[in-house]
Amino acid sequence: MSFISGTVVKKILLNGLTILVNPVTNIPKVSMELWYHVGSRDEKSGEKGLAHLIEHMIFKGTAKLSESDINMITHKLSGSTNAFTMHDATGYTFQFPSQHWKEGLNLLSDCMRNAHFNEQMLNSELKAVIQELKMYRDSYIHTVIDELFEAMYHDHPYHYPIIGFKQDLWNLKRDTLFNFYKKHYIPNNAVLTVVGDVTPEEVFEYAEKMFGGIASDLEYKKEEFYHSHDLISKQITIHRDVQQPVVVLAADLPGAKSKNHFTYDVLSWILGAGRDSRLTKKLVDDLQLVTSFETFFYDLQDATPFFIYFEPKDIHDIPKIKEIINEEIKAIIDKGLTQKELTRAIKKMKTSRYSMLESQGKRVHEISQAYLHTGDENFVFNYFENAPSDVEQNIKELLAGYFLPSMMHLGQVLPLTEQDKGQWVLLQERSDTEDAKILDGRVRHTDIEPARHAHSVSAQPPKEFHFSRPQKTTLKNGIKLFVHNNKTVPKIDILVSLKAKSYYDPADKEGLYAIVCDMLLEGTKNYPGTKLSEKLEEYGMSFSAQPGILTLSLLSEDLEKGLELLHEILTEVVINEEALLKIKEQACTDLKFYWDSPKDFSDQLVRNAIYKNHPYSMHPYGTIQSVKCITKKDVETFYKTHFVPQGTRISVVGDLQNYSISELLEKYIGVWQGVEVKDVSFPDLTPEVSKHVAYPINRDQVVVVFAKDSINRLDSDYDKLMLFEQIFSGGSMSSRLFQLRERSGLFYTITGSLTHYADEQPGIFMVKTIVSLNRLEEAKKVILETMQTVVDTLTEQELEEAKHLVINSQVNNFAANKRIGYCFLAIDQFNFPEDYFDTRAQHIHAITLDEVKNAARKIIDCKKLVTFEIGRVQEQLG
């Protein structure tokens, strides 16, 4: 069945529940989402944040299910679950292997009317939500967009943040939450969408059984809200402890009810999405006033905020940049668009949407949201067929009506002045004190409820699945080629794996490889300057390059052109001095942005400590100092000596039925020649002694990381640690680390890995969380206690469930072209047998509990951990 045909089947039950089914049979998996047409826009005064809090609380027990049941059932059946709150809707998601899909409907139907919102559980979850609120406050782009919403929608509920206000959450009572839930969580205010290895008939039949008896509310009516447009331009400035300022311009457009999504999509690609968009070319390439530029929009029911985002080189240039943007918009209004621009936009939209449709999770979400806004269940599949007849005229009218300078709003995040820094610390301390005072009074006095129903649920054997194997060829120049014909979307993905990885950077030129990658689209012999990127985007192609791996996504019809351009990139790049200067400036800006994000740069601090002088300690993008030292000769030499066929492997996956792929690759890639790439010598890692590293930066929360050296991918303990990881920290809400969050509300998020970065060289054991400063020591204590006790308390049941999860999740590697391609490359890289995936279940089942415990004990040693704290802490380097 084609991924792109209109295959959504709809049924509305007598109680008003709408059911949408889209059969997709490429892997034995089913994804479902239940959307309620209620979000933050439906909250009254004193209710701010209720819709979001219900999303957190709804899986914490019903009359039938205990607090633990939903998470345990989902984990036991190798599924996953999540939830989200938007301005217009709240949604609940489940993904299961297809033999277990019905359990998702069992859980969703029970939660529709029977959630009980226990006060004790509410106490701990409120603390987690406050941590989430603080986490978002440390995301300054998120903060400035929230402030723009407040300014733009002063007369509409979009004015208020989805997560709500602390003062409303502090004082929240269980009955207020319960009444909001009972009012809005009804079948005639909901849409259930099921995508995957099912038939419409079986979904309709089972949905009728599970939801059909739930009564509708015939008196329920959605409140309509009016939003007026005006000649008002507002400015928001947030001052924070950052190195790199950011600016967001916002236009207030008609909402999804206007059915302008296609026009907005084209406009975004015209203005700022992609290298060849008008404003990106002008501001990044031609005038070089900004180092990053993009456009995007939020698809809301009553309004559509359209954002123009950029990172200026100099904050004094912001007025000039705004003026240039306004001039370019006026030029489109006066002179229109070129056919080339429109063709490029449509091609890019097709490639992007086909990539989205490869993912069940993204597909089910897009179908649900589009139906909620348009009432058309096949909107996603008929997107291009239903495009407006005159997109150019629509865009001109849109720009003339809503993008006038007098109607555009501006938000910016600027660095703190020295005078502001003391005041900012004072405000943060005051906020911490207020939170502690209120939340210390909301203590959970009960343990987590044990499962009541999960024990009666049994896992079933997975459906038979034939794992794809590639056609393998070796080109004349020695390149290994892995090919697979996957006809699910009319798209092809090419992955080029080079022998040289990021650790091939010279010691004094960290980031050189990344700079070379960025230079690949800055001109070649036959496509000088921006001509190469223009040609790629003209055909809707997406090219990306990172040290060691290049990827090219394109429509199936354009394969030969794509290979011609790939040949140019691999063999004919010309290094231009001016372009190199631009790329280096962009790299320095990206590094500033990176070091403004503690959650991101904490990984580099860990690498520095664990890998020390090992090549893996190098930052792939270098430092500002090392980037500035890179010369044209450095780039030219590295390109000639490391972008070579020796050791290169290429994977081609997609709709190849009309091509002789080996002949085409031989024609365009087989002629590629180069020198031999030397092997890198890796020293043995020196085990780290226990120490504490504190890195001061002014943020609301503290990032905490525990880390230690681990094993490599080929170690005999790898699969044992992978099973242990599922129990200890895996994505399941039943993991030991997530249970800490459930009991205490100490943190909103906590992650962990036993083999982070592991490949031929050893990886890292790492646990990471984000916590308020005033709860830092408490959080560290409970995490360490869990590490100390987890191995000895592992159970056979936990191991069995972890095995089922790993075995059932194997099919996810074959859901999309790129994932399939990466699998082929990995099997070759580690010299795994061709039947690796076919025999993996048998191998996993043979692992014993004692083997898992022994493997984990070797890694989890609290006496040898390096502890990192990043935030408002005193500097300490261990």
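Strand S4, residues 80-85, and strand S5, residues 90-97, run antiparallel and are joined by 6 bridges. Strands here are DSSP runs of E with at least two residues, helices are runs of H or I with at least four, and both are numbered from the N terminus. Two strands pair if DSSP finds at least two bridges between them. The link from S4 to S5 is a hairpin of 4 residues. Threonine 85 has threonine 90, in S5, as its bridge partner.

A word on the source. This is a predicted model, in which local features need pLDDT of at least 70 and side-chain atom pairs count only at pLDDT 80 or more, while totals for chains, interfaces and linings use all residues. Residues are numbered from 1 along each chain as its sequence is written, and side-chain values use heavy atoms, with hydrogens and water left out.

Now the chain as a whole. Its secondary structure comes to 30 helices and 22 strands. The radius of gyration, taken over C-alpha atoms, is 27 Å, close to the 29 Å from the globule rule for 878 residues, so the chain is as compact as a globular protein of that length. That rule is 2.2 Å times the number of residues to the power 0.38. The C-alpha trace spans about 70 × 70 × 65 Å along its principal axes.

Of the 878 residues, 60% count as buried; buried means under 20% relative accessible area, exposed over 50%, and partly exposed in between, with a 1.4 Å probe and protein chains only. Contact means heavy atoms within 4.5 Å. Among contacts with a separation of 6 or more, 84% come from residues 24 or more positions apart.

Next, helix H17, residues 531-538. Which of its residues are buried? They are Leu532, Ser533, Glu534, Leu536 and Glu537. The buried residues of H17 pack against helices H10 (278-286), H12 (339-358) and H18 (559-571), and against strands S15 (542-546) and S16 (549-555). After H17 comes glycine 540, with a positive phi near 75 degrees.

Helix H18 also holds leucine 563. Why does leucine 563 count as buried? Because its relative accessibility is 0%. Leaving out residues up to four places away in sequence, leucine 563 touches Ile494, Leu664, Leu665, Tyr668 and Ile669.
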